[in-house]
Amino acid sequence: MSEEQRKADSIVLAKGVLVNFLGILSKSFRGISYVAITRLMGAHVFGVFSLCWSFVEMMSRFSLVGLEHANIRFVAQKEEGQKPTAIIAYSYKIIIITSLLCMLVGGLSAPWIAKFFLKDLQAVSPLRWLLFSIPFLAISTVSLRALMGLKIMKYEVWVRSLIEPLGFLAFVLIFYFFGWRLQGIITAHVLAMMLGMIASIIFLFRHHLFPKIWKVEKEFSRKIRKYIIPLSFYDVLNFFLIKKDIFLIGFFLDPMAVGFFAVANEVAMSTNKISQ
């Protein structure tokens with residue numbers, strides 16, 4: 001590697017570190033917004049939403065099946081004979097199938113989740129409505145990771161730390177003035193995820209990464225499957241370990257306790273990230 005290439009890579013990495021720092025800093029405001037939403041809607045309502053979203057987010061891990069990691073690797077490596085858009089096209093097709101399956105399984109299991117974890121059968125409808133955010137979240141995740149394969153990390157910060165949180169808070173406030181409480185938070189979150197997906201696709205267009213040809217060679221798709229299968233199980237297990245606290249609190253206590261814990265945990269995590 002030449003000296004000029006090393007300097008160029010160093011500059012790119014330095015910019016990436018700066019962007020990540022700004023992202024972590026902006027994420028700290030999410031804790032403040034959670035406190036505001038809890039004060040507006042009540043701890044019980046926010047607790048039900050937090051549990052619903054934790055389950056839906058875990059279902060979205062199944063829909064991704066490790067494709068976010070594959071996009072970083074195959075876009076960065078630029079496999080011989082394959083355009084970077086091939087992995088994105090393959091990911092989109094798989095996500096459509098897996099998202100529909102996850103929505104079906106989640107919809108069927110919603111009464112059981114509402115009974116044992118949410119302690120409220122009226123939460124079945126909001127939980128099922130929140131499932132519509134799965135394809136939005138999965139597509140935006142894959143798109144942003146593909147851009148990271150090009151060493152472009154700023155869009156991850158823009159979408160996850162600015163567009164989605166600010167959109168979520170704005171929609172919550174709008175629905176609050178119309179008298180929507182739990183349904184308002186759920187709808188606001190689905191719309192925020194949809195905004196994130198639209199923004200990520202626009203960013204793909206800006207860098208000419210949005211697929212124009214959707215056919216993927218069998219050998220290349222086989223290589224992708226071989227890479228993602230072990231990672232998919234690890235991602236789901238890792239996410240469950242991260243969220244085990246909120247699941248246990250939801251199982252043994254009422255949603256109000258979950259609401260207080262979710263707010264306190266978000267504020268603590270944000271403070272910890274800044275201190276690092």
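Student: Which cut-off defines a contact?

Tutor: Contact means heavy atoms within 4.5 Å. In the protein chain, residues 24 or more positions apart account for 82% of the contacts with a separation of 6 or more. The model is predicted, so local features need pLDDT of at least 70 and side-chain atom pairs count only at pLDDT 80 or more, whereas totals for chains, interfaces and linings use all residues. Residues are numbered from 1 along each chain as its sequence is written, and side-chain values use heavy atoms, with hydrogens and water left out.

Student: How many helices and strands are there in the protein chain?

Tutor: Helices (H or I, at least four residues) and strands (E, at least two) are DSSP runs, numbered from the N terminus. The protein chain has 10 helices and 0 strands, and its pattern along the sequence is α-α-α-α-α-α-α-α-α-α.

Student: What share of the protein chain counts as buried?

Tutor: Buried means under 20% relative accessible area, exposed means over 50%, and partly exposed lies in between (1.4 Å probe, protein chains only). Of the 276 residues of the protein chain, 48% count as buried.

Student: Which residues have the most contacts inside the largest nonpolar core?

Tutor: A nonpolar core is a set of buried Ala, Val, Leu, Ile, Met, Phe, Trp, Tyr and Cys residues joined through side-chain atoms within 4.5 Å. The largest one has 73 residues, and Phe49, Ile87, Phe168 and Ile224 have the most contacts inside it. Helix H4 (residues 85-118) supplies the largest share of this core, 13 residues. Leaving aside residues up to four places away in sequence, Ile224 touches Leu67, Ala70, Phe74, Ile87 and Tyr90.

Student: How is the length of helix H2 to be read?

Tutor: The expected span of a helix is 1.5 Å times one less than its number of residues. Helix H2 (residues 43-64) has 22 residues and reaches 31 Å from its first C-alpha to its last, close to the 32 Å expected. Because 19 of its 22 residues are buried, H2 is largely enclosed by the rest of the structure. Helix H6 (residues 133-148) has 16 residues and reaches 22 Å between its first and last C-alpha, close to the 22 Å expected. With 14 of its 16 residues buried, H6 is likewise largely enclosed by the rest of the structure.

Student: What describes two packed helices?

Tutor: Two packed helices are described by the angle between their axes and the distance between the axes. Axes are lines fitted to C-alpha atoms, for helices over the stretch in contact, and angles run from 0 to 180 degrees between N-to-C directions. Angles under 35 degrees count as roughly parallel, over 145 as roughly antiparallel, 65 to 115 as roughly perpendicular and the rest as oblique. H2 and helix H9 (residues 218-252) pack at about 160°, with their axes 10 Å apart, and are therefore roughly antiparallel to each other. Ser50, Phe55 and Arg61 are among the H2 residues at this contact, and Val236, Phe240 and Gly250 are among those of H9.

Student: At what angle do H2 and H8 pack?

Tutor: H2 and H8 pack at an angle of about 40°, with their axes 9 Å apart, and are therefore oblique to each other. Here Val45, Val48, Phe49 and Trp53 in H2 meet Leu182, Ile185, Ile186, His189 and Met193 in H8.

Student: Which phi values do Val65 and Lys151 take?

Tutor: Most residues other than glycine have a negative phi. Val65, in the loop between H2 and helix H3 (67-77), has a positive phi near 40°. Lys151, in the loop between H6 and H7, has a positive phi near 65°. Lys151 is partly exposed, with a relative accessible area of 46%.
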